[in-house]
Amino acid sequence: MFIIKSCTVPIKKNKILFVGPFAPPFNGDGVKNSILREGFEKEGYQNFEWFDTKTPKCLFPFMVLKLVWKVIITRQIILSLNIKGRFFIIPFFWVFRRVIKKHGALFVIGGSFDKQLYRLTVFLRYPFLLMLRSLDGIFVESESLKKGIEKFGLKNTIIVYNPRKDSGDTWNLTNKNRNKIVFVSRVTETKGVTVLIESVRAVAAKGHNISLDIFGPVDTAYNSKFQKLIEASSGIVKYKGVIKPEEVQPMLVNYHFKVLPTFHSGEGLPGVLVEAGMAGVPIIITRYNALPEYFEDKISAVFVEPKDVNGLTCAIVELLSNDELAIRVSDEIKLVAKPFRLDFIIKQSVEILESKGWKLTK
C-alpha cells in the first residue's frame, strides 16, 4: 500500500497496464495493438490489463479520468500510441512516475516520430524529451526511425518490428489470379489511391487485361473524389469495403500482386506488406520513408517513386508480363517477413522488458 496525504491507494505492483486504441476500426494502430494483445494472451501472460483509448467524444473526459486512476495505481505501463496519444498521455505517466516509482515503455506507431519531435518548439521539446528518457524503452519499427530519435540524445530506443500473424495461406500465380491487382490500406490521397487508379486506367488503355480491387476504410474528405474515380474507371476498379485483419492474408493470395504507392507522411512499415510477405505475394511500393530499409528493388519488391503515375504504370506492366520477376519477388519477400512473426515479437518484447526489471507472469 502507498499513502498519499492519508489516502490509501492500492498499488498494482505486478500488473501491466497496456494503453492504446484497439480494433475495430481496422486502422494501423488499432490492428497492431489487437495483434499484440492476442500474442501476449496466446503465450499465457495473465498480468495484463488492456485499456482502450478509443472512445466517443462525449465520453472522452470520463475515459481520461479512468486512465489517470489506472496510471496512478499501476507500476508497469506500456503505451502503444499514435501521435495524439503520445503527446497527451506520456505527460500523465511522467507526473505520476515522480510520485510513485513506475516502469514505462512506449511502442511507437508509425514511422515519423523523429519528425514530430523536430517540429516541436524548443520549449515543448526539451521537457518532452525528459519524459521520454524516463521510459525503460522506446520500441520503434525501423533502423532509420531509431537513428532519427537518437539524434535527440535518446539512448533507450530499441527496434521491435510491427508484428503480424501468419495464416498459412501462400501465393501461387495461376490463371485465376493473373492480371488481378489489389490495394489494401486506408483509402485516401496520401496512400496513393488516385495515383494507382490513374495508372491502372493507363495500363488498360495500353490494351492490357487488368482489374483493381480496393479494400479499406475511406476517408470522409476523400470519399467524393474516390467515388468519381471509381465511376470513371468503367468497371476496371472496384471498391470491396473494409476487411478484417484475419482475412487479409487469405484474401491477398487471390491476386497477381499488391500495390501500395504511399506518400503518407507518417508511414512506417504497413502491416499489410508484412502479411503479403508471409504469403509471398509480390508487391509494388514507393521508395518512401523507411520502406527501402526493408525491401530491395526487383528482389523482394518493385519500387516506384511517390506520385509518379507514369513510373507506376510501367512497373505494373512489367510485373504483369514478367512471371520470372513476380516469382523471384514472391520467394524473397518471404524472407523479409520472417522477423515480423507474432511469436518472435512477443518473445523479443518479453526479454527486453524483463531485462529492465519488469515482472511478467503466466
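Two strands pair if DSSP finds at least two bridges between them. Helices (H or I, at least four residues) and strands (E, at least two) are DSSP runs, numbered from the N terminus. What you see here is a predicted model, where local features need pLDDT of at least 70, side-chain atom pairs count only at pLDDT 80 or more, and totals for chains, interfaces and linings use all residues. Residues are numbered from 1 along each chain as its sequence is written, and side-chain values use heavy atoms, with hydrogens and water left out.

**View A. Strand β13 and its two partners.** Strand β14 (residues 302-304) runs parallel to β13, and three bridges join them. Over on β12 (residues 257-260), Leu260 stands opposite Ile285, and β12 and β13 also pair in the parallel sense, over three bridges.

**View B. Both sides of β13 under cover.** In a regular strand the side chains alternate between the two faces of the sheet. On β13 (residues 283-286), Ile283 and Ile285 sit on one side, with Ile284 and Thr286 on the other, and all of them are buried. Buried means under 20% relative accessible area, exposed means over 50%, and partly exposed is in between (1.4 Å probe, protein chains only).

**View D. A gathering of aromatic rings.** Phe18, Phe22, Phe40, Tyr45, Phe48, Trp50, Phe107 and Phe139 form one aromatic cluster. Rings of Phe, Tyr and Trp (its six-membered ring) pair if their centres lie within 6.5 Å; planes under 30 degrees apart count as stacked, over 60 as edge-to-face and the rest as tilted. That rule gives 19 aromatic pairs. Take Phe18 and Phe107: their ring centres are 6.4 Å apart and their planes are at 35°, so this pair is tilted. Phe18 belongs to strand β3 (residues 12-20) and Phe107 to strand β6 (residues 103-108), so the pair ties together parts that are 89 residues apart in sequence. Phe18 is buried at 0% relative accessibility, and Phe107 is buried at 1%.

**View E. Lysines over rings.** Lys180 lies over the face of Tyr255, 5.3 Å from the ring centre, and Lys258 lies over the face of Phe183, at 5.4 Å. For a charge to sit over a ring, NZ of Lys or CZ of Arg must be within 6 Å of the ring centre and within 35 degrees of the ring normal.

View F. A salt bridge is a side-chain nitrogen of Lys or Arg within 4 Å of a carboxyl oxygen of Asp or Glu, and the whole structure has 14 of them. Arg186 meets Asp219, with the closest N and O atoms 2.5 Å apart. That pair links the loop between β9 (180-184) and α7 (193-205) to the loop between β10 (211-215) and α8 (220-232), 33 residues apart. Lys191 and Glu267 meet in another salt bridge (2.9 Å, N to O). Here Lys191 is in the loop between β9 and α7 and Glu267 in the loop between β12 and α10, 76 residues apart. Lys191 is buried at 8% relative accessibility, and so is Glu267, at 5%.
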